[in-house]
Amino acid sequence: MSSIRPDAPFTKTRPGAPPGFFAAEAAGLAWLADAGGVRVAVPLEVTGTGIVLPYVREVPATPAHAELFGQALATTHRAGASHHGCPPAGWESDGFIATLPLPHTATPLPGGWGPCYARMRLEPYAGALTPDGADVVRRVCERLESGDQALTGPLEPPSRLHGDLWSGNVLWSPDGVVLVDPAAHGGHRETDLAMLALFDLPHLDRVIAAYDEAWPLAEGWRGRVGLHQLHPLLVHAALFGGGYAARAADLARRYV
């Protein structure tokens, strides 16, 4: 990102960005903003080669803002989505997570979240692992496809997800959290919460407690955190290889 002065809007560009890269990001930000929950950096301008975002002054995270973030995130999730795997409103193609494709589906897949997560979030990235690791991921996918609620937890309606909610996309401003860089789609709300835990969000315990008070989480959610972290770890394995591939395979073994 670059700007002319410290408080000027940020212009984000990416050399060689695929067609629709920034338009998909803008659609996701607008969809999240429409939920009336967590604040997002609503684009000021979008072109085929970049996106202009408002300046956000960052300050240290506080417990009070963490609690407000948890409450607001529950509101965003509760705004819902048409189905698991749907794109954000105003976007009809696949999206992106980092520089990789993020598959979307225009119509619901039979079986709800489990098959959607298997086919659209795990299987497309399993090739980043060793053959043994990929086989373990595919065995997890078989359980997801079967609708095994001992694995997936109780059925829930699709939530409006940020989709790439790691700590680097959570900006702490004087007025509270502002989110950037989504991979927005309809999915399971535990996915966003698991992503927050993956890279050590400050005051995460306060965020989760406030979220759970606003919209109680289903029984057993803590045991499913790793399942929801499997997709972002596979994405990291595809992008960076190394220890991420081994970590993803080890995590998948917990759920076969």
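This is a predicted model: local features need pLDDT of at least 70, side-chain atom pairs count only at pLDDT 80 or more; totals for chains, interfaces and linings use all residues.

Trainee: Okay. At what angle do the axes of H6 and H8 cross?

Mentor: At roughly 75°, and the two axes come within 8 Å. H6 and H8 are therefore roughly perpendicular to each other.

Trainee: Which residues in H6 and H8 meet there?

Mentor: H6 brings Glu-190, Thr-191, Ala-194, Met-195, Ala-197 and Leu-198, and these meet Val-225, His-228, Gln-229, Pro-232 and Leu-233 in H8. Sorted by class, the contact of H6 with H8 has seven nonpolar residues, three polar and one charged.

Trainee: And H7? How do the axes of H6 and H7 cross?

Mentor: H6 covers residues 189–198 and H7 covers 204–214; their axes come within 10 Å and cross at roughly 165°. Angles over 145 degrees count as roughly antiparallel, and H6 and H7 are therefore roughly antiparallel to each other.

Trainee: Is the crossing of H6 and H7 left-handed or right-handed?

Mentor: The H6 and H7 crossing is left-handed. On the H6 side the contact is made by Arg-189, Leu-193, Leu-196 and Ala-197, and on the H7 side by Leu-204, Val-207, Ile-208 and Tyr-211. The classes in the contact of H6 with H7 come out as seven nonpolar, no polar and one charged.

Trainee: How many residues of H6 are buried, then?

Mentor: Nine of its ten, so H6 is largely enclosed by the rest of the structure. The buried ones are Arg-189, Glu-190, Thr-191, Asp-192, Leu-193, Ala-194, Met-195, Leu-196 and Leu-198.

Trainee: What happens just after H6?

Mentor: Asp-200 takes a positive phi of about 60° there, although it is not a glycine. Asp-200 sits in the loop between H6 and H7.

Trainee: Is Asp-200 buried or exposed?

Mentor: Asp-200 counts as exposed, at 65% relative accessibility.

Trainee: Which other residue has a positive phi although it is not a glycine?

Mentor: Ala-98 is one, with a phi of about 55°. You'll find Ala-98 in the loop between strand S5 (95–97) and strand S6 (100–102). With a relative accessible area of 35%, Ala-98 is partly exposed.

Trainee: Switching to His-77. Where is it, and what is it in contact with?

Mentor: His-77 is in helix H2, which runs over residues 63–78. Its relative accessible area is 1%, so His-77 is buried. Leaving aside neighbours within four places in sequence, His-77 is in contact with Ser-159, Arg-160, Leu-161, Arg-189, Asp-192, Tyr-211 and Trp-215.

Trainee: Asp-192 again! What else touches that one?

Mentor: Gly-163 does: setting aside residues up to four places away in sequence, Gly-163 touches Ile-97, Ala-183, His-185 and Asp-192. The glycine is in the loop between strand S7 (159–161) and strand S8 (170–173). Gly-163 is buried, with a relative accessible area of 11%.

Trainee: How far apart are Gly-163 and Phe-96?

Mentor: In sequence they are 67 residues apart, and in space 9.9 Å, C-alpha to C-alpha.

Trainee: Let's do another glycine. Where is Gly-226, and what does it touch?

Mentor: Gly-226 is in helix H8, residues 225–240. Not counting residues up to four places away in sequence, Gly-226 touches Leu-251 and Tyr-255. Gly-226 counts as buried at 6% relative accessibility.

Note on methods
Residues are numbered from 1 along each chain as its sequence is written. Side-chain values use heavy atoms; hydrogens and water are left out. Axes are lines fitted to C-alpha atoms, for helices over the stretch in contact, and angles run from 0 to 180 degrees between N-to-C directions. Helices (H or I, at least four residues) and strands (E, at least two) are DSSP runs, numbered from the N terminus. Angles under 35 degrees count as roughly parallel, over 145 as roughly antiparallel, 65 to 115 as roughly perpendicular and the rest as oblique. A crossing is left-handed if the near helix is turned anticlockwise from the far one by less than a right angle, and right-handed if clockwise. Contact means heavy atoms within 4.5 Å. Ala, Val, Leu, Ile, Met, Phe, Trp, Tyr, Cys and Pro count as nonpolar, Asp, Glu, Lys and Arg as charged, and the others, Gly among them, as polar. Buried means under 20% relative accessible area, exposed over 50%, partly exposed in between (1.4 Å probe, protein chains only).
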